[in-house]
Structures are given as C-alpha cells and as structure tokens.
Amino acid sequence: MEYPQINIKLLSEEDRELVKQAKQRAEDLRLTFKEFVLDCIKQALSQESPDDADSATAAEIEALKAQIAALSEKVSIPSASKTEVHTLQERLNQLRVGISNEIKKDREQLASLTLAISRLESQIEQLIPSLNLQGDGEGNADSDSDWLLGEDSGAELPLT
C-alpha cells in the first residue's frame, strides 16, 4: 500500500521563516508538525469559499426576512388614520373633563354636607344650655330622651 507524501521545496527566506513559526506553534499546541500541518489543511478545506459565503449570507438574510414576516403576521400592530387618532384624543379629553366635573360635584356636595353638619352642631350647642338638665336624673328626663330620639315635635332643625 502506498502512502501519500507531500514534498514542498521552500526556497525563500520567508518560506523558511513560515515553517519555523509553524513548528513553534505545533510545539505550543503539543502537536507534531505533521498533525499541525494536517489540521491547517483540514481547516482551509472546511472554510467556505467567498462565493459559498455570499450565498450562505444571502440564504440567512432570506431566512431572517421570512421570520420577520411571520412575526409581523402574529403581532398585529394597529394602524390608525390621523382622523381616528384625533377622534380618540377628543374622546379622551371629553372623558377627562367629565371626570373633573364629577369630582367637582362630589366636592361641592361634600362641602354642603360639611356645612350642614356644622350648622347642626351649632344648633345642638345652642340647645344644650336650654335643656335645663337636673343632676339627679329626674325632672325632664323624658323630654331629654324625646329630643335625643327625635320625638320632640317642637324642635325641628333645618338641614340646609
């Protein structure tokens, strides 16, 4: 059986320096010079040619375009005309104004209720000295309970 053999004549000083660097690199990688040279040849053969690289890049670009198209179909990005956007903005502003008006009404009602409570407290304070309470619980105890339960027909308090 014949074994292939490579005989290369290296005549220039540059070629000799290249062989010297290759031998040093093989030694650094703990390879024989033969193993190193064969690995270099394998790597050179496995690399794509420039034409192959261009076609591979073009294929990758086409694959990416297809993925983008598929994603675009899955993700529905709403598009709206300027008129639709303007209409939505107007509606949003109307809702804001409506909410502000409701808050204003609530505040006004709250202020009215606070004022009514204040007036009731004032009238109650005016009534307390006129109740003429007795210390032993006798006397007008019935009239006190009538007033507290709202059964005193003579004293009505305005609620405005």
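How many residues apart are K65 and E62 in helix α3? They sit 3 residues apart in that helix (residues 50-74), which puts about one helical turn between them. E62 is partly exposed at 49% relative accessibility (buried is under 20% relative accessible area, exposed over 50%, and partly exposed in between, with a 1.4 Å probe and protein chains only).

The model is predicted, so local features need pLDDT of at least 70, side-chain atom pairs count only at pLDDT 80 or more, and totals for chains, interfaces and linings use all residues. Residues are numbered from 1 along each chain as its sequence is written, and side-chain values use heavy atoms, with hydrogens and water left out.

The structure holds 3 salt bridges. One of them pairs R16 with E13, with the closest N and O atoms 3.4 Å apart; these two are 3 residues apart in helix α1, or about one helical turn. R16 is partly exposed at 46%, whereas E13 counts as exposed at 55%. In helix α4 (residues 82-130), K105 and E102 are likewise 3 residues apart and form a salt bridge at 3.7 Å, N to O. Helices here are DSSP runs (H or I, at least four residues), numbered from the N terminus.

Then there is R30, in the loop between α1 (13-28) and α2 (33-46). Its phi is positive, near 60°. Most residues other than glycine have a negative phi. R30 is exposed, with a relative accessible area of 77%.

How values were computed
A salt bridge is a side-chain nitrogen of Lys or Arg within 4 Å of a carboxyl oxygen of Asp or Glu.
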